[in-house]
Amino acid sequence: MSSVLDKKPEKEDEVIDSALRPKTWSDYIGQEKIKENIRIILTAAKQRSQSPDHLLFYGNSGLGKTTLAQLVALEMEKEIRISSGPAIERAGDLAAILTNLNEGDVLFLDEIHRINNTVEEYLYPAMEDYKLNLILGKGPMARIMELKLPKFTLIGATTRPALLSAPLRSRFGAIFQLNFYKPEDIEKIVERSARLLGIRIEPDAIKIIAERSRFTPRVANRLLKRARDFAEVGGNGIITKETSEHALNFLEVDKMGLEPGDRKILLALIEKFDGGPVGLQSLSAAAMEEEDTILDIYEPYLMQMGFIERTPRGRIASRLAYEHLGIKIKNSQSQLI
């Protein structure tokens, strides 16, 4: 069976990830309501011979925000330019990107919530009136130069929508939240990825990988590739139920999809704070993890699985967390759970 691995690229993982990224709407599994809404927006825009409204996607990392942006560009038959909020430090950086766009192009800004406040001010007229007002010089000699821009579609992506300013958020024509995937959708994604990579995998192994994928396609593909490594090194190249369990256990990914970082946070919450409630700053210090890492990577899944509850007083470890870790609940804590 032919495989993308036959190409032996220098940056193999990047080529693999690109190969696994859906190129058509039918290949994009899950998020059905969002896909249908976007396709209606794009169809209407094409009928009017206009660029689609600016779009904002928010949700956890790995849920497909970048892929959706690329599908929008493919549907409109236009180029996509990709950048990120932190990369645009000055107005000149934004001007360089916008002036290089062609009519109808798509500009995708990842982590748009981290864009510089000053740069954000320049973005408003670019989104609304397709013009850029640059200030040249300083003091009494300063003057404003207006640059006309081609009509384009800005697609922003963020994991922290609450950090977006109200003026920026209001300039998007449609806002979509990407949710965790259904288990059956993740199984389809794993099966498709295995087929594209030329990997032989048993149905039971697909199910095991999907169950431990945190309901996230990017994680599912990562676990699939690691299971493939174990199958090639220690087996006959076929990912069986036993191979997948061995690989994931070796990677310390348990049956609920928790990784060492997740368990470290839960153990810090239970052992150092008696299960909570505790504030984010204290939990971050105890677990030796950055606050943003807890908020963006660990906490959404732990809350989705019911291991952590957020209250006005702070975070609390749930009864499920105690049971999963095999820790007995103290009498003083049982009344809070």
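Select Ser-83 to begin: its relative accessibility is 18%, so Ser-83 counts as buried (under 20% relative accessible area; exposed is over 50%, partly exposed in between, with a 1.4 Å probe and protein chains only). This is a predicted model, in which local features need pLDDT of at least 70 and side-chain atom pairs count only at pLDDT 80 or more, while totals for chains, interfaces and linings use all residues. Residues are numbered from 1 along each chain as its sequence is written, and side-chain values use heavy atoms, leaving out hydrogens and water.

Ser-83 lies in strand β2 (residues 80-84); strands (E, at least two residues) and helices (H or I, at least four) are DSSP runs numbered from the N terminus. Show its surroundings next: leaving aside residues up to four places away in sequence, Ser-83 touches Ile-88, Ile-97, Phe-108, Leu-109 and Asp-110 (contact means heavy atoms within 4.5 Å).

Now colour by domain: domain 1 (26-135 + 142-175), domain 2 (183-249) and domain 3 (258-323), with bounds from an automatic or database domain assignment. The centres of domain 1 and domain 2, taken over C-alpha atoms, are 34 Å apart. Six residues from domain 1 and eight residues from domain 2 form the contact.

Last, select helix α9 (residues 217-234) and helix α10 (residues 241-250), whose axes come within 9 Å and cross at roughly 110° (axes are lines fitted to C-alpha atoms, for helices over the stretch in contact; angles run from 0 to 180 degrees between N-to-C directions). From α9, the contact uses Leu-223, Arg-226, Ala-227, Phe-230 and Ala-231; from α10, Thr-243, His-246, Ala-247, Leu-248 and Phe-250.
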